Amino acid sequence: PGRPGDRVPDFSNFGDLMIKRLISFSLLTGMLLYAALIISVQGPKLVGTNGSIKSQQGRAVALSNDGTYAIIGGSGDSAYHGYTWIWMRSGTTWGQQALLSGTRSGYNPSYQGSGVAISGDGATAVFSGMTSMSWSGPTAWAFTRTGTSWAQQAAVFPTTALTIGGDYGRVALSNGGSALVLGSGIYNNYQGGWWLFNRSGSTWSQSGGPITATLPTNCQIGNSIAIADTGRTVVAGAPSCSGYGGYTIVWDDLAQTQILTGTNVGSTGQQGTSVAISGDGTTIAIGGPGDDSSKGAVWIFTKSTTWVQQAKLVPNDVVLNASVGTSVRLSSNGNTLVMGAPGQGTGATWVWTRSGTTWTQQGTFNRFGSTSSMQGIAVAISPDGSTGLTGDSYESSGVGATWPFTMVSFVPNTRRIILVN
């Protein structure tokens with residue numbers, strides 16, 4: 001039997017009352033004593049007002065630096081006009097702050113909220129959609145916040161015509177909110193491409209594009225898009241390339257620098273369906289939901305002088321047709337990854353963490369109360385790694401919903417355990 005203050009080197013002595021209590025606590029709460037993160041759902045699911053049937057809220061989600069502000073797109077709302085919701089967290093309570101709808105002179109916008117992004121300070125929000133089925137390209141709307149009020153600053157769109165209309169666009173925003181990237185997978189007969197816009201004061205101007213790559217046609221470059229904090233490094237997925245094996249392309253200062261292909265990918269892996277880059281621009285995550293009979297996977301690349309694959313991540317509890325990598329997001333330092341798999345049962349979200357060069361799966365999160373089969377179709381993580389979102393645009397027969405969760409580092413002191421008699 002131990003004495004008060006004794007050092008306990010391991011948990012093999014199940015006769016100690018304190019050890020029994022610790023193990024019981026672990027089993028009851030579902031937490032591991034040595035878990036690197038404690039992850040918990042924060043409050044009820046987020047469903048914005050004015051949400052109509054088939055509004056598809058949660059189809060696109062993003063978070064500000066510390067997770068105080070969330071932006072959620074619902075591209076199907078109001079017969080596919082689409083809306084975007086801004087939520088703000090106070091303490092542990094989330095409340096809707098604004099409902100955003102963009103305008104563009106001479107056009108009837110639709111599918112707004114197909115893509116969303118928000119600046120690190122939560123003062124600039126952007127979302128993408130299209131302005132008519134025949135319009136030559138997608139549009140991004142930029143809104144800015146003063147206090148608690150939001151107002152449209154600009155409707156941003158390419159000056160280059162597409163040969164095919166009807167693209168909703170994909171959007172990414174630098175952390176400072178001054179560089180915006182708008183991707184189109186259907187540009188130039190589905191070769192795809194993207195455009196860069198920069199803001200000076202309150203004016204947005206196109207500074208690059210269409211940017212494409214030295215790849216075959218029908219690659220759908222820009223079907224997914226990401227930008228580093230500096231606004232100088234852009235990553236775009238091309239999931240239809242190479243017979244749907246997929247590629248991912250990296251540009252620095254508008255110049256193509258490297259084409260990335262993860263190892264051990266199936267012929268229809270669809271790499272580049274989702275992409276993410278850490279804020280510091282040193283880590284890239286690439287989702288390939290078609291890999292290995294659509295179990296899916298996520299590839300991690302890191303940069304020294306060139307980009308090199310660091311890992312291929314597949315959850316240990318993945319099932320056939322899970323479609324892991326449908327969505328991916330990275331924290332600013334690249335050490336925390338959130339990945340979604342809408343085909344994992346009723347949908348699932350995983351959090352992984354990196355220590356050195358080793359990635360560890362922290363847990364599997366199924367449903368969070370969802371009644372649909374598409375949770376994880378969109379995910380987000382705050383740049384500081386403290387807060388996450390998982391979206392399900394099919395929740396409640398298509399109304400959609402988003403679940404916020406928190407991630408807290410947990411490093412127990414295992415050197416001394418005080419025994420209680």
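Predicted model: local features only at pLDDT ≥ 70, side-chain atom pairs only at ≥ 80, totals over all residues.

Please find Lys312 and Asp291. These two residues form a salt bridge, and their closest N and O atoms are 2.9 Å apart. The two sit in distant parts of the chain: Lys312 belongs to strand β21, residues 307-313, while Asp291 belongs to helix α5, residues 291-294. Is Asp291 buried or exposed? Asp291 is buried, with a relative accessible area of 3%. Lys312 has a relative accessible area of 29%, so that residue counts as partly exposed.

The next one joins Glu395 and Lys45, with 2.6 Å from N to O. Here the partners are 350 residues apart. Glu395 is in helix α6, which covers residues 395-398. Lys45 is in the loop between β1, residues 37-41, and β2, residues 57-63. Glu395 has a relative accessibility of 1%, and buried means under 20%, so Glu395 counts as buried. Lys45, at 33%, is partly exposed.

The other salt bridge I want to show is between Asp253 and Arg232, and again the closest N and O atoms are 2.6 Å apart. Asp253 lies in the loop between β16 (247-252) and β17 (255-260), and Arg232 lies in the loop between β14 (224-227) and β15 (233-238), so this pair ties together parts that are 21 residues apart in sequence. Asp253 is partly exposed, at 45% relative accessibility.

Stay in the loop between β16 and β17 for a moment, where we also find Leu254. What is the phi of Leu254? The value is near 70°, which is positive, and the residue is not a glycine. Leu254 is partly exposed, with a relative accessibility of 34%.

Gln270 also has a positive phi, of about 60°, although it is not a glycine. Gln270 is in the loop between β17 and β18, the latter being residues 274-277. Its relative accessibility is 29%, and Gln270 counts as partly exposed.

One more backbone point. The peptide bond from Gly209 to Pro210 is cis, with omega near 5°. Pro210 is part of strand β13, residues 203-211.

Now to the cysteines. A disulfide is a covalent bond between the sulfur atoms of two cysteines. Searching the whole structure turns up one disulfide. Which residues form the disulfide? They are Cys219 and Cys241, and their sulfur atoms are 1.5 Å apart. Cys219 is in the loop between β13 and β14, and Cys241 is in helix α4, residues 241-244, so the pair ties together parts that are 22 residues apart in sequence. Why is this disulfide called right-handed? The torsion about the S-S bond of Cys219 and Cys241 is about 80°, so the disulfide is right-handed. Both Cys219 and Cys241 are buried.

Next, a sheet. By way of background, strands of a sheet pair through backbone hydrogen bonds, either parallel or antiparallel. In this sheet, which is open, four strands follow the order β6-β7-β8-β9, and the pairing is antiparallel. Which are the edge strands? They are β6, residues 110-118, and β9, residues 149-156; each of them pairs on one side only. From one strand to the next, the twist averages 30°. Looking at one pairing in detail, β6 and β7 run antiparallel and are joined by five bridges. Strand β7 covers residues 124-130. Ile118 has Ala125 as its bridge partner in β7.

Finally, the chain as a whole. There are 421 residues in the chain, and 55% of them are buried. The chain has six helices and 28 strands. Taking contacts with a separation of 6 or more, 53% are between residues 24 or more positions apart. The accessible surface is about 16800 Å², and 52% of that surface belongs to carbon and sulfur atoms.

That is the end of the walk-through. Thank you.

Definitions and conventions. Residues numbered from 1 in each chain as written. Heavy atoms only, no water. Pairing = 2+ DSSP bridges. Axes fitted to C-alpha atoms, helices over the stretch in contact; angles between N-to-C directions. Buried < 20%, exposed > 50% of the residue type's maximum accessible area, 1.4 Å probe, protein only. Contact = heavy atoms within 4.5 Å. Areas by Shrake-Rupley, 256 points an atom, 1.4 Å probe, with all protein chains shown as cover. Salt bridge = Lys/Arg side-chain N within 4 Å of Asp/Glu carboxyl O. Disulfide = S-S within 2.5 Å.
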